[in-house]
Amino acid sequence: VAPPRAVPKDPLRVSKICNGTSMMIGTKDFYLQQVGRIINEFHPDVMILNRGAHYVSDEQLIQHLNSTVIPHIAKWQDECVLEKKDCHFVWRSTVPGHPYCTQFTKPAESVEEMEMMIATSPQYNWDKFKGQNELVMDLLSGSLTAFNFNMFDGYPINILRPDLHGPAHNDCLHTCLPRDNIYSFITLHLLRLWSE
């Protein structure tokens, strides 16, 4: 008898928040393949996108954003205007991991020193993320389909926090709650600004 096959999980996590008046959708969509699906199924008011630390060449990144992500976002924002909805698009920059994270017990003090350390350990292409963040900003700012967006720049925040990795420090890319909750505070701040 063959063992049962695992049923693939839907990568979307949908949560009702604010006493059921709002919905938050989260997904691990490393290459942003689900943006159109999320827009079509859920008609969000706010979208915060980021590709995470999943490096592709500059050419692949720009081609994918131009052919897939930007058209979906532009169409969504056009629909928001037609529906008289106040929709917000946020791009969160990509942050590198920290080589030798086990050596840190407190925040770093110099972005430049951390960037030099990252440049000496290029095994995951973390040293390329700063340049790719600038490429994405230029692309979004100069897009022919002009749309509104905000930049959520996590790079200068996270690069100075090599001390926030898991307790065993065996993962020098991801940071862990409850020690790292800054993105929640920034997102809440943006939402409050938009509601005023």
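Lys128 lies over the face of Tyr55, 5.9 Å from the ring centre; a charge counts as sitting over a ring if NZ of Lys or CZ of Arg is within 6 Å of the ring centre and within 35 degrees of the ring normal. This is a predicted model, in which local features need pLDDT of at least 70 and side-chain atom pairs count only at pLDDT 80 or more, while totals for chains, interfaces and linings use all residues. Residues are numbered from 1 along each chain as its sequence is written, and side-chain values use heavy atoms, with hydrogens and water left out.

- Buried means under 20% relative accessible area, exposed means over 50%, and partly exposed lies in between (1.4 Å probe, protein chains only).
- Helices (H or I, at least four residues) and strands (E, at least two) are DSSP runs, numbered from the N terminus.
- His88, Val90 and Arg92 point one way from strand 4, and Phe89 and Trp91 point the other way.
- Strand 3 (residues 46–49) pairs with strand 4 in the parallel sense over four bridges; pairing requires that DSSP finds at least two bridges between two strands. Within this pairing, Ile48 stands opposite Val90.
- From strand 3 the chain passes through helix 2 (residues 58–82) to reach strand 4, a β-α-β crossover that is right-handed. That label applies if, with the strands pointing away from the viewer, the path from the first strand over the helix to the second runs clockwise.
- Strand 5 (residues 150–152) also runs parallel to strand 4, joined to it by three bridges. Here Trp91 is the residue opposite Met151.

**Disulfides**

- Searching the whole structure gives two disulfides, each defined as a pair of cysteine sulfur atoms within 2.5 Å.
- Cys80 is joined to Cys87, with an S to S distance of 2.0 Å. The angle about the S-S bond is -85 degrees, and this link is left-handed.
- Cys101 sits in the loop between strand 4 and helix 3 (111–119), and Cys172 in the loop between helix 5 (155–158) and helix 6 (182–195), so the pair ties together parts that are 71 residues apart in sequence.
- Cys101 is buried at a relative accessible area of 0%, and Cys172 is buried at 19%.
- With the bonded cysteines numbered in sequence order, the pairing reads 1-2, 3-4.

**Aromatic rings**

- The whole structure holds two aromatic pairs. Rings of Phe, Tyr and Trp (its six-membered ring) pair if their centres lie within 6.5 Å, and planes under 30 degrees apart count as stacked, over 60 as edge-to-face and the rest as tilted.
- One of these pairs is Phe152 with Tyr183, whose ring centres are 5.1 Å apart with planes at 75 degrees, so the pair is edge-to-face.
- Phe152 belongs to strand 5 and Tyr183 to helix 6, so this contact ties together parts that are 31 residues apart in sequence.
- Phe152 counts as buried at 4% relative accessibility, whereas Tyr183 counts as partly exposed at 23%.
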